[in-house]
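Hello,

Here is the structure I promised to pass on to you. Please have it open while you read, as my notes follow below.

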Number of protein chains: 2
Amino acid sequence: VHEKGRNWGRLLSGLIAVNVIILGSALVSGSVFNKVAITPTHLQIFLTVLIILTTIWMLYYSAYTSREDHAVLYKDGHAGPIWLRGGLVLFGLCSLIMDVFKIANYVGYLHCESAVKIIFPSVQAVFMLVQTYFLWIHAKDCVQLQRNITRCGLMLTLSTNLMLWMTAVTEESLHQTVVPNTNHSVAPRTMAIKAGGGNSECECSHTACGIFEQAYYYLYPFNIEYSLFASAMAYVMWKNVGRLVDQHNHYPHLRFRLQDVLVGPALGLIVIVVGLATFVVYEVDVTAHDEGKRIRALTMHYITTLVVIILMSIATIAGCIIYRLDQRDHVSGKNPTRRLDVGLLCGASIGQFLICYFTVVAVVASGVMGHLSALNLVCSLFTIIQLGVQNVFIIEGLHREPFHETNDDSVFSNAVAVNSHESASHKPSDIIGETKSNIYVITDTTHNHGHTQAQPHQLTWKRRLLKEICAFLLLSNVTLWIIPAFGARPQFDDPIGVEIYNYNTWVAVVNIGLPFGIFYRMHSVASLFEVYLTS
Amino acid sequence: VHEKGRNWGRLLSGLIAVNVIILGSALVSGSVFNKVAITPTHLQIFLTVLIILTTIWMLYYSAYTSREDHAVLYKDGHAGPIWLRGGLVLFGLCSLIMDVFKIANYVGYLHCESAVKIIFPSVQAVFMLVQTYFLWIHAKDCVQLQRNITRCGLMLTLSTNLMLWMTAVTEESLHQTVVPNTNHSVAPRTMAIKAGGGNSECECSHTACGIFEQAYYYLYPFNIEYSLFASAMAYVMWKNVGRLVDQHNHYPHLRFRLQDVLVGPALGLIVIVVGLATFVVYEVDVTAHDEGKRIRALTMHYITTLVVIILMSIATIAGCIIYRLDQRDHVSGKNPTRRLDVGLLCGASIGQFLICYFTVVAVVASGVMGHLSALNLVCSLFTIIQLGVQNVFIIEGLHREPFHETNDDSVFSNAVAVNSHESASHKPSDIIGETKSNIYVITDTTHNHGHTQAQPHQLTWKRRLLKEICAFLLLSNVTLWIIPAFGARPQFDDPIGVEIYNYNTWVAVVNIGLPFGIFYRMHSVASLFEVYLTS
């Protein structure tokens with residue numbers, strides 16, 4: 001009966017999601033290619049209906065679970081980690097400001113356009129407040145009652161967020177495409193401010209309109225990011241509906257201690273400082289309407305990125321080699337949340353792969369002219385390598401048991417006792433690899449708690465090196481997150497992509513790939529922190 | 001160790017696939033938008049390298065497994081069913097003919113174009129021969145040795161096939177887009193024959209060129225279908241690497257008997273005959289360059305499809321209701337191949353959903369003018385409903401235990417004995433629903449074999465009705481498979497899609513969606529046959 005209900009609920013909720021998303025994409029495509037037959041208003045009505053339905057369900061769910069005692073018996077400790085919820089709140093805040101700006105902007109056009117346009121951002125603002133609250137409180141729930149309704153509700157939430165993401169990406173891309181294609185030497189985004197707003201005859205009644213319009217287009221990327229975060233969390237909740245979590249399956253609580261490592265964090269901090277400095281200089285110079293300055297800014301940006309990426313690649317490969325040498329056990333047993341986490345990490349990295357490969361093909365096709373192209377090419381190639389090895393490193397790290405302290409020069413005190421322990425917890429083949437352990441360690445393995453305090457001041461070189469590498473990679477990923485998240489778009493400032501591909505295609509690739517890339521960097525930071533703790 | 005190896009192999013092969021596919025899509029996009037910098041030759045070189053690598057691996061694999069005894073210990077009985085392999089051979093044959101035509105065509109241009117163009121179809125022909133042989137022989141393998149190499153090889157095969165699919169879809173779409181957009185009233189495909197072949201100055205040296213060119217564009221859809229089939233089979237093989245199949249997990253062999261059902265097959269045969277007749281008349285009339293005939297042909301096509309779809313929907317809903325009334329057990333235990341099968345079925349249905357929703361939006365946006373639009377709209381809406389309920393029906397059917405014969409008017413002969421049996425195999429709640437069973441049935445359930453021969457001439461009405469429904473749905477799906485598979489394209493003959501969306505978008509949607517739709521119908525037929533047997 002349980003199996004049957006689960007299949008049925010999954011199937012039904014899946015069908016709902018497929019129908020909503022495909023109907024939505026048809027509307028979006030229609031509104032892009034035929035502005036007369038399918039106006040943005042039609043699309044907004046569809047989105048408003050979706051948003052209202054989702055909001056009602058979320059309120060119902062919150063009310064229901066707070067009244068019933070047995071609705072949520074288990075919480076999944078791995079779901080909805082703090083970085084995801086924190087990111088959600090941060091991006092939600094920016095999106096809220098964007099909606100306020102939009103409303104303020106439309107108020108200025110009230111005298112000559114319909115009031116319907118104000119409804120959508122208002123509804124969206126309410127939706128974001130409710131959803132952020134909902135996901136903050138309920139992200140870890142493993143719902144046990146009304147499972148099928150909850151599955152459908154969560155799939156509705158997921159598809160609503162995906163639709164909002166799709167609409168935002170499309171609007172952002174169209175907005176950037178308004179630029180006249182003839183003059184690529186001036187940065188496109190500085191010219192493309194006058195796109196939205198309404199038809200050209202209608203004049204805004206207050207003076208702040210231009211500022212609002214300009215401001216809310218800068219906030220679009222945060223809104224895109226918000227939808228991605230909410231989608232990921234809704235998906236994880238959907239997966240967790242009806243799951244019975246084993247309460248004892250938790251990791252031992254590992255303390256965060258920084259005193260053991262030095263080189264990694266120091267190098268990482270240098271990377272952050274250099275990255276931030278480059279970012280600021282880049283942002284100032286690239287908008288300067290001066291061809292020489294623009295090229296200098298791009299060169300500087302590429303060189304900095306290249307150095308960081310190469311350092312990261314070397315560190316990651318070193319980490320992978322240490323894992324090969326290292327004899328730690330792999331975490332046994334299935335962990336659905338861990339698998340989901342890994343899937344999200346790998347999935348998000350596809351966005352970055354996409355941009356890199358499109359850049360490589362574009363640069364090679366254009367014949368690699370000038371040092372800027374060469375830098376761009378090398379940068380993209382190394383990013384591809386870095387993404388690959390970093391995925392391997394993080395996944396390997398997440399699948400290891402927490403580190404057990406070993407003394408390299410100790411021998412067995414009692415071989416028979418060791419063997420009796422072995423038969424209970426290890427396969428015979430493992431003992432050959434662990435001949436250097438002493439008896440205390442093996443007892444430790446059996447109990448499965450990593451007592452890092454047992455010999456606090458004697459980290460082995462492997463363990464220490466792993467911690468250094470994790471710390472360095474973590475801070476470097478933060479740097480690579482900050483640069484695109486706060487608005488650097490070398491993909492548009494460098495004309496190569498636009499020249500080889502059609503403008504629309506390039507804008508679409510970057511606008512789809514980049515938010516996933518940002519998500520990937522944040523996710524990497526969180527995963528690397530976990531790897532740091534277990535190493 | 002086993003877990004570690006699996007994760008590592010999956011990760012590595014996944015990375016290979018992601019890299020190949022994304023690099024390939026960048027090349028395809030580049031060659032579409034910038035024919036100067038990235039010529040079709042570049043793309044063909046990339047594909048040739050991929051194809052050669054895959055062919056080498058497949059030959060290596062065949063040689064290796066034939067020499068080693070322990071390479072393949074288990075075969076997965078559910079993988080690579082006969083319809084999939086048969087379809088592969090059929091479509092492979094058509095693709096081979098296409099390649100021969102291509103070579104013959106290029107031979108005519110040898111005097112003025114480079115000989116490189118001949119290499120690609122020749123290599124592709126060899127590849128298809130090797131791959132069809134490979135998949136025919138090895139589709140059921142659960143490889144135990146050299147697992148990581150096999151995983152990588154299979155992912156390479158998968159990505160090669162996806163790249164060939166992507167290239168074929170793009171070429172087909174570009175070929176259809178050559179039509180001048182001004183005149184939609186004449187069927188586009190009849191005008192668009194002069195596209196491929198080469199630059200316009202070069203004249204073909206033999207007279208058959210035109211025929212070859214025309215012929216191989218008619219064979220493109222089969223090539224697209226072939227790549228999809230091969231991808232699906234490679235994916236299933238990849239999933240099966242390292243799997244230890246429980247030999248006892250097989251279904252009891254169920255005999256196919258047609259004598260119990262009558263109405264379903266009869267109705268189904270009528271549907272097939274009517275469908276084929278409509279198809280032939282439609283194909284003749286729609287290419288007749290006569291506006292009146294074209295509209296009549298379309299009207300007839302829509303009415304036939306609509307009637308078939310409505311009958312199918314009613315039958316499917318009746319079947320779902322019977323499942324609700326029916327107390328049969330669900331198949332317990334996990335079955336990865338079954339889950340994969342269901343996933344492929346649902347995934348393939350997305351293609352049809354895509355076309356339907358795009359049509360609905362287009363017709364509604366254009367204001368539903370004339371009876372043709374109305375018919376198109378109703379047809380699409382009912383197809384959406386039919387797809388949804390058919391998915392539910394098939395999945396429910398596949399998850400039921402084979403039917404156990406019950407006598408409706410028997411009572412318990414020994415309630416105590418029944419209860420003792422119950423405690424072993426059923427939960428207490430189930431017994432209430434089964435009060436009409438006699439003791440013989442419950443013993444039967446425990447042994448889990450469906451002895452349909454036990455009371456051969458007394459099918460219950462439920463069982464009989466389910467078989468009738470399955471037979472009818474099966475034959476109707478065959479009809480809906482034949483019509484698009486052999487070339488009917490009402491989506492292009494009816495100008496509505498082209499008018500609302502941009503021409504490129506509509507061609508892309510149809511060319512991506514339709515092959516998946518054809519795959520879906522074939523898959524449905526196979527699944528319905530299985531449901532027929534277990535009912």
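Which helix of chain A gives the most to the nonpolar patch? That would be α7(A), with 4 residues.

Before I go on, a word on conventions. This is a predicted model, in which local features need pLDDT of at least 70 and side-chain atom pairs count only at pLDDT 80 or more, while totals for chains, interfaces and linings use all residues. Residues are numbered from 1 along each chain as its sequence is written, chains are lettered from A and ligands numbered from 1 in the order in which they are written, and side-chain values use heavy atoms, with hydrogens and water left out.

Back to the patch. Leu262(A), Val263(A), Leu267(A), Ile270(A), Val274(A), Ile303(A), Val307(A) and Leu311(A) make a nonpolar surface patch of about 680 Å². (Patches take residues with over 30% relative accessible area and no salt bridge, joining nonpolar side chains, namely Val, Leu, Ile, Met, Phe, Trp and Tyr, within 5 Å and like charges within 9 Å; a salt bridge is a side-chain nitrogen of Lys or Arg within 4 Å of a carboxyl oxygen of Asp or Glu.) At least two of the patch residues come from each of α7 (263-286) and α8 (291-325) of chain A. Val307(A) belongs to helix α8 of chain A, and Val307(A) counts as partly exposed because its relative accessible area is 45% (buried means under 20%, exposed over 50%, partly exposed in between, with a 1.4 Å probe and protein chains only).

Now for chain A as a whole. Its secondary structure comes to 17 helices and 2 strands (DSSP runs numbered from the N terminus: helices are H or I with at least four residues, strands E with at least two). Of the 535 residues of chain A, 55% are buried. Chain A exposes about 22900 Å², and carbon and sulfur atoms supply 67% of that (by the Shrake-Rupley method with a 1.4 Å probe). Among contacts between residues at least 6 apart in the sequence of chain A, 88% join residues at least 24 apart (a contact means heavy atoms within 4.5 Å).

Helix α9 of chain A, residues 336-365, is worth a look. Its 30 residues reach 43 Å from the first C-alpha to the last, close to the 44 Å expected at 1.5 Å a residue (1.5 Å times one less than the number of residues). After α9(A) comes Gly367(A), with a positive phi near 90°. Val368(A), in the loop between α9 and α10 (370-398) of chain A, has a positive phi of about 45° although it is not a glycine. Most residues other than glycine have a negative phi. Gln146(A) also has a positive phi, of about 50°, without being a glycine; you will find Gln146(A) in the loop between β2 (141-143) and α5 (147-177) of chain A.

How does chain B relate to chain A? A rotation of 180° with 0.0 Å of shift along its axis superposes chain B on chain A, with an RMSD of 0.0 Å (least squares on the C-alpha atoms of residues with pLDDT of at least 70 in both). The two copies are therefore related as by a two-fold rotation axis. In chain B, Thr505(B) comes closest to that axis, with its C-alpha at 6.4 Å. The copies meet through the same surface, because 95% of the interface residues of chain B are also interface residues in chain A.

Best wishes
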